[in-house]
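Here are my notes on this model, as numbered points. Please read them beside the coordinates.

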Amino acid sequence: MASTAPPRPRARPAHTQGPTRCAYTTDGSRLVTVGSNNTIRLYKTGFDGEPVNIDDCQEQNVCVDASEEFFVVGSEDGTVSLYSIPNAAFDKFLLRCSLPIRDVALSPDSKWCAVASDELTVKLVRTDDNTKIRHLKEHNKPTKHLSFDTKGSIVTLACTDGIVYVYSLTSEEPELIRKVDGVIGALDAESDVSSSIAWHPDGRAFAVPTPTRDIQVVSKNDWENQRAFANGHNGDVTALAWSPNGAILASAGKDKKILLWETKTQSVIARLDFANVMDIAWHPKDNLVSFTNSDGEVYIHPGIVPEQFETLLKLEKQPAPFIHDPLSEDSANVRRPLETRPPPREELARRVRDGSYDSLMDGPLPEDEDFVVDDDGAGYVINGNGKRVHDDYDVFGEPVSKRPHIEPEYHEAFQPGSTPWRGNRKYLCLNLIGFVWTVDQDGHNTVTVEFYDHEFHRDFHFTDTFLYDKACLTENGTLFSCPPKDDTPATIFYRPHETWTNRTDWRTQLPKGEAVLAMSLSESFITVTTTANYVRVYTLFGIPYRVYRPKSTPMVTCASWRDYVMTIGNGPVGADGHTRLLYTIENVKRDEICQNEDTVALPEGATLKSVFFSDNGDPCIYDSTGTLLTLLHWRQPSRASWIPLLDTRLLPRLASGRKTETYFPIAVADNKFHCIILKGGDQYPYFPRPLLSEFDFSIPLTSEPPKPKRANPDAMDEDDAPEDDDESETRKLEQQFLLKGIAAAQLQDLVDSTSGSHSQRSSLARLEIEIDKTLLQFLAVECREGEDRGMRALELVELMRDRTGRMVEAAGKVAERYGRTILGEKIREIGERRVNAMDDDGY
């Protein structure tokens, strides 16, 4: 049955014809209206009589904002005035500008007032001390509208050039952090058409009118377009406002309509006929909206939301309308904490036996209260009935066996090489082969697969009705997976790049309710970790090869290379309440476990960002501190150790401190770290696709940046230059010695575990010779430093790996060249010992 429509409110002639604005106080007790005449009106909520008038004010008041105790008004003469609500009187001038005021906004705590005018600078003035003013200068355009976010840490400006400028107020000096272009239109400051910025009450997005007569939602996290309230108005939008809980959006347009939109569905739930509306204000608690028009009239409309939709206003704070809401995409590895809260003392009191004499007599007799004196503190007299507490409860009446404990913080699952949704796009996979990305088309997605090398593979794209959210890309094929939805189970889809049969792809479904957490694709197997804490291994053409449940759960991620599979899951809880990540590496084909439930080496408070195998097949991880690590001796059980290859915080490009950037890991190949450089505080790459960058490995040995080379050193600098050059060369040789040692250890492990080929053994021999050559160069630097570095130089010779004596002989010649006679004798002794040791071994 249709509900009865609320009666149409009467127009209240509050001001003379012209722009009229309104605002509710934060407690909802008053409605303030301003207009073209020199009168300000205060309407008491729920009272239908005449309003309170304030005649001591400026003329041509064009904007207003209110708090609980005061309100501020801007006028065309360039003044911003503050009025007291309890006294209903003018209090003081906050600010004077040389040009007309266009908008004012109070911060959520009402301590600051932002003022927009036809000047090129926006001013933030302290409401309790107007001598404190902050300036927003970088936009350099007149501002038509402005607003604070719900926390007061950001102020957004809608300028006449059609750009939304976003300023951060977290530092002493306001900083322009973003320009949002292509959403609002370029408007004249005096235009009736609105470009006002309405922040959603949850603080994660704002809504703005667009030139196409729609209302676009823009997210705060990435400043990308989200859902839009479209196809509602037939004229330009002139006003908009969210309901207090964000469940409804009210908008007015030049089509003489006020529309009420449901936020969740972006559908119109009510249409009201009101012309020339310029401003809309929701009551903070009731089903009540007030609005003003350009005729100087005020409408107070109780019950504006129809009865069948009135329950929307009674809901808790609703989320902003995202295309892919991060809040709704709950992580599947979140566990519910066990209820261990002790029962209240009142409940413990009720647990005393109701049938006891004392309980029937309302406690012990007064003369018996001190019958037993607890003089040794043993807790004889505790409860209200003078009885000793049960042994299972402590002296505070709380169960001993049910103490509160820390709720464990689990590491969230992630897919390596992918990004979250940003607007309607996301990368499903980024690696050195190519990249896979998808676009949400409202009902279906379009997936594009592009390759870097077009000589071997052709790009392709397809319409995706399964809504794939994860992908892996190799030279052999592309792997996709989609989450379960309603009665449709999760699906895994593999598409090979080339086959010699007609069937080119295959698809398989997981059991109902089971979703994919992460997956990996190698030359031999497909590995899938799921929310049911299973690891499922398939062959490349869909034959189930193995299903098992790992010991460390919930699962976090996985990676694979050839026959090796590495899985990572949450392990025991540490002292800080966070779980320790544990990894397992096994050879699936040979059914051999290389490392079983070993710890992922992360510093305290750090999280895992990516995991992958290098081009040589060694496991690597990248953490939130910006450190790249590789796993050494991982083929030998219980011998693996994590070795840092690069700390991106110590890169020379960041040494000046003026540049702030982070890095999105892609791969380790050719002894380099391949990544995407992220600037502007971004955590993930976005479109258009950024270029890949590569950095040489540099083991973190010192935080001191390398000294720049002198272009034209003067006479004094020339004396210091050799010392600086030696120090720089020493650091370079230290890096080479460590890095080549790591490479040799990894290659030695490979040779030992696989009975390495001739080429692998030859590569290992060449690598060991290069290590000795590095030590020879290092020795030359030490010899140049003087005789007092002889012990260090001799130690370098002892580190040489050559057992034939040729490298030691070369080291002796280096010492003789620099006149280090004693050092040369010591080196010859080492050479003789090594030759004798070889003779003893039967060489």
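Is Tyr452 buried, exposed or partly exposed?

1. Tyr452 is partly exposed, with a relative accessible area of 31%. Buried means under 20%, exposed over 50%, and partly exposed in between (1.4 Å probe, protein chains only). The model is predicted: local features need pLDDT of at least 70, side-chain atom pairs count only at pLDDT 80 or more, and totals for chains, interfaces and linings use all residues. Residues are numbered from 1 along each chain as its sequence is written, and side-chain values use heavy atoms, without hydrogens and water.

2. Tyr452 sits in the loop between strand S31 (445-451) and strand S32 (460-464). Strands (E, at least two residues) and helices (H or I, at least four) are DSSP runs, numbered from the N terminus.

3. Tyr452 also belongs to a nonpolar surface patch with Leu432 and Leu692. Together they have about 210 Å² of accessible area. (Patch residues have over 30% relative accessible area and no salt bridge; nonpolar side chains are joined within 5 Å. A salt bridge is a Lys or Arg side-chain nitrogen within 4 Å of an Asp or Glu carboxyl oxygen.)

4. S31 and S32 run antiparallel, joined by five bridges. Thr448 stands opposite His461 in S32. Strands pair if DSSP finds at least two bridges between them.

5. The open sheet has four strands, in the order S29-S30-S31-S32, with antiparallel pairing. Strand S29 (425-430) and S32 are the edge strands, each pairing on one side only.

6. In helix H5 (residues 790-798), the buried residues are Gly790, Ala793, Leu794, Leu796 and Val797. Seen down the axis of H5, they fall within an arc of 150°, so they line one face of the helix. The arc is taken from the directions from the helix axis to the C-beta atoms.

Notes: Patches are made of residues with over 30% relative accessible area and no salt bridge: like charges are joined within 9 Å, nonpolar side chains (Val, Leu, Ile, Met, Phe, Trp, Tyr) within 5 Å. Accessible areas come from the Shrake-Rupley method with a 1.4 Å probe; for residues, only the protein chains shown count as cover.
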